[in-house]
Amino acid sequence: MNRSALICTLVISLSVHSFAQQSDTLVKTSQDIFELMDILNPWLHTENPAGMQFNPGISISNLSLNFNRIDGDYRRAMDGDTLQKYFLNTTSYTTVGKTMLFGSFSYKKSYERNCNFTQLNDPYRQTPYRLIDTMQRDDVYDREFFNLRGGISSPFARNFSWGISLNMDVGLAAQDRDPRPRNKVLNMDLAPGILFTSGILSIGINMQYSYYNEDIESDVIEKNVQHAFFQLHGLDTYTRHVAASFYRLYERTTLGGEGQFGLNTNHFKSIMGGQILFVDEMAKDGRKAGDASWSYLKDDSRLLGNSYRVFNATTFNHGRYYHHLKASYTSNYILGSEIIQRLEQVGMKGAVNWVDYGPEEKYGSTQTDLKINYTFLLMKEKYLENLVLRLGMNQHSLEEIYRLPDMEQSFSNRTFSTSVQRSFYMGRHTLAIGAGVSTRKNLSGTLDAARENFLTRYLVQPDFNYHTSDASGFWFDAGYSVELNRLFDKFYAGLRAGAYRSEDQKERQHFNINTGVIF
Amino acid sequence: MTVLFALPSCIEPVPDSNSYTVHLLADYDEDVPEEFKDGAKVVFSNLTKNYSFTAYTSDSGDVTFEQIEPGFYSATIVHSFSNEGNVYHLNGYGLVDVFDTVEDSVEVVTSKTTAWVIKQYYYSACLTPAGKQYSDDQFVEIHNNSEMIQYADGISIVEHESYSLEENYWKFLEDSAIVARMIMTIPGDGDDYPVQAGESVVIARDGINHQDPIYGNPLCPVNLEDAEFEFYIFRETGGDMDALGADNMVENLFTFRGSDVVFHTRGGSAIAIAMIPGTQEEKQEFVDNHQIQKITSSDRYYGIVPNDYILDAVEVTWDEEHAIYKRLPLELDAGYTYVDAGSRSGLCVRRKVDTIIDGRYIYKDTNNSIEDFLKDVVPKPWINE
């Protein structure tokens, strides 16, 4: 990592902490406080930053280093065999008078090996319009991403609070085998909101705006060689070009909002709400031949979508006991259009351009997600966990259709999970151990492809098999922390290891190790 | 809460896609008897998505395609029949834009076949170990497709003027002639170069062993030291190799005269073989007296070669998208072909084998390169397969 970025990270983290007006060095906390926050304040499940007004009035920061490794053959077609991630993160909640502040900075470096075909940073980003090649050459996708998140909330009138939050991801991804893409990715989310509180009732509303941009430049470094680039249009349809380089730009704009209604007492906090989002994305292509001065630029496709989400998050506490129930239902609808176009001579001088003849709707998908999670907490002290028990259920379904040729794919899965974590306190030292299991059951699956081609064999069918296979997994984790007297409040380290196995005996192992300090 | 779950989507995730019916009529010559109009093979190809539908014409010569998505298509018609001891090949080609129900006709012409065919055309070039382009190994192989001995004397290799990057400038001539940027002729006075039935001759850019590690390229797919002929361009400053084993082609016309004949490696060079009547001197006189200029270029002269003199032709294009800039008229080549793997791939296009009679290979010649040629094959001069 860039040394200056690391120094800036540390300076920012320490500065945020030093500007806090409330010192919480006498409040005992652990790294789990960051997971506890949304149990203590269910408003953090919403997109309304004004809800930070209900945060517990503590100032706490975390600086951590993480290493994560995933490998195994139970994966989607364009996932790598192995994924290694290193990331540095600093997160901070701060209270300044009545103003609540949140900030987070992350640096992530990852290497994904043998991710074949994909030219996209995230080939499963909910778009059928992907760019691939067919060179399976043990590629390594090298990614470096920075994330900056921040939020502020403050009262501005009697009973009213306002808030605004910003999330920004920027990064670069690149492969090391021809045709090698370089992906410049930018994602920005902005959410301003307001909150009205009267007694135990709260009503909030916020707007959401997101902009996503992925700029892909793919080059063939080997001289005088060309490769075929395939532009996918859904299921097993595609167009292709043979060239020494290819250029694609994705631009997605999301606009919407959310409304919330909450009840807040000393022992009972509940919030329910609904969100609507509208999505518009274009994929644009340009192809520049190696030594030619011309380029053929064209619009490839357009995605329109909307998504609905309704949710409820409730926390009930009685003394040291906390019960937290969270439920949400999300449905995403997407309609994809291909741009009909042709290469034509324009004008008298022989310039050649792609000329658009209009969009044609070809692809549609519906995706639904139902999640219900229950968490039971037995606290040792206000912010120190003793026992955590989690139960969860997730039902996910996807339906895709393509017209002419007619094709469709659908599946539905239900996943149950449970985990338990116990903490042991020995003076300044704390030991935590935990374990969990999950099981996924496929409820239905249909794949009706129009024709057998290489996309069906290498992408569509393997991904369908992955999504419709039953699977189960387990994990265990262990953590250690010790209270410190100088500069930092607590040092911690932990690890988690686990595996998933499908019914056809494919496996995926994951391992995570982390360490950090609380201050 | 129940009401919220029942909310419909603003975006209807079921695509409202259009589909149309395309009805095509094969527009035959008057000479084609009624009883032979049915059964013509019609290939309806989407030019953007690389898929096609195949159907056969009815008794009245028409065919219908249903459930066609909007876009740009080509219709290729291929038909053969025997009548009174003669074999006739018919070809038709047309571009069809589908944005509504289509009723259209495709002109079908009767094309002739001759004893000679272009059997193999290697233009894509290859790479050296250093990753540089090596195109000295380009060649054209012409084959005696008849059952009798033929003489290669006087056969001209003709390269079309256009590189198929734009509309054919010479479309106004296509009923009578093609326009060439290069005409090179096999020497001889009529019986110097016999070619047995089922045998071939190779006209190489350079008639050397291109696989030689010092003078050639060890990665080259071909050894052309046995080439019967080569394109040799004499210049005072040198440049082109004069292989002693290969007889030099006679240079009749070379508009953009460079240091050697170089075919466009991406597929821009459509070629033909022709027999201009007369002696070598008369052929030169014909070429000198049949030249034409473009309005946009006052100092370049191109050769006019009548369609009647053409023995065989291959419409080679860059790729599927550039096929809309087809140059050769239907009667010479109703289709097109190309090396899909692209330039520097070391691959070529080669004619399909139609039949083998007593060890003699007869190559398919319907005057439609879509039907007649294989794409992306390893060049193998003189090898019949």
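Trainee: Before we look at the hairpin, what counts as a strand here?
Mentor: Strands are DSSP runs marked E, at least two residues long, numbered from the N terminus. And keep in mind that this is a predicted model.

Trainee: Thanks! So which residue takes a positive phi in the hairpin of β20(A) and β21(A)?
Mentor: That's A:Gln505, with a phi near 65°. The hairpin has four residues between its strands.

Trainee: How many bridges join β20(A) to β21(A)?
Mentor: There are 12, and the two strands run antiparallel. As one example of who faces whom, A:Tyr500 is opposite A:Arg508 of β21(A).

Trainee: And what about β1(A) and β21(A), parallel or antiparallel?
Mentor: Antiparallel, with 11 bridges between residues 60–72 and residues 507–518 of chain A. There, A:Leu63 has A:Val517 as its bridge partner.

Trainee: Switching topic: how many residues do chain A and chain B bring to their contact?
Mentor: Each chain brings 45 residues. About 3800 Å² is buried between chain A and chain B, with 57% of that from carbon and sulfur atoms.

Trainee: How many salt bridges are there between chain A and chain B?
Mentor: Four. In one salt bridge, the side chain of A:Glu338 meets that of B:Lys49 at 2.6 Å, N to O.

Trainee: Which element gives the largest share of chain A's side?
Mentor: β14(A) does, with 11 residues. By type, the side of chain A that touches chain B has 22 nonpolar, 13 polar and 10 charged residues.

Key: Residues are numbered from 1 along each chain as its sequence is written. Chains are lettered from A and ligands numbered from 1 in the order in which they are written. This is a predicted model: local features need pLDDT of at least 70, side-chain atom pairs count only at pLDDT 80 or more; totals for chains, interfaces and linings use all residues. Side-chain values use heavy atoms; hydrogens and water are left out. Two strands pair if DSSP finds at least two bridges between them. Contact means heavy atoms within 4.5 Å. Buried area is the accessible area (1.4 Å probe) that two parts lose on being put together, summed over both. Ala, Val, Leu, Ile, Met, Phe, Trp, Tyr, Cys and Pro count as nonpolar, Asp, Glu, Lys and Arg as charged, and the others, Gly among them, as polar.
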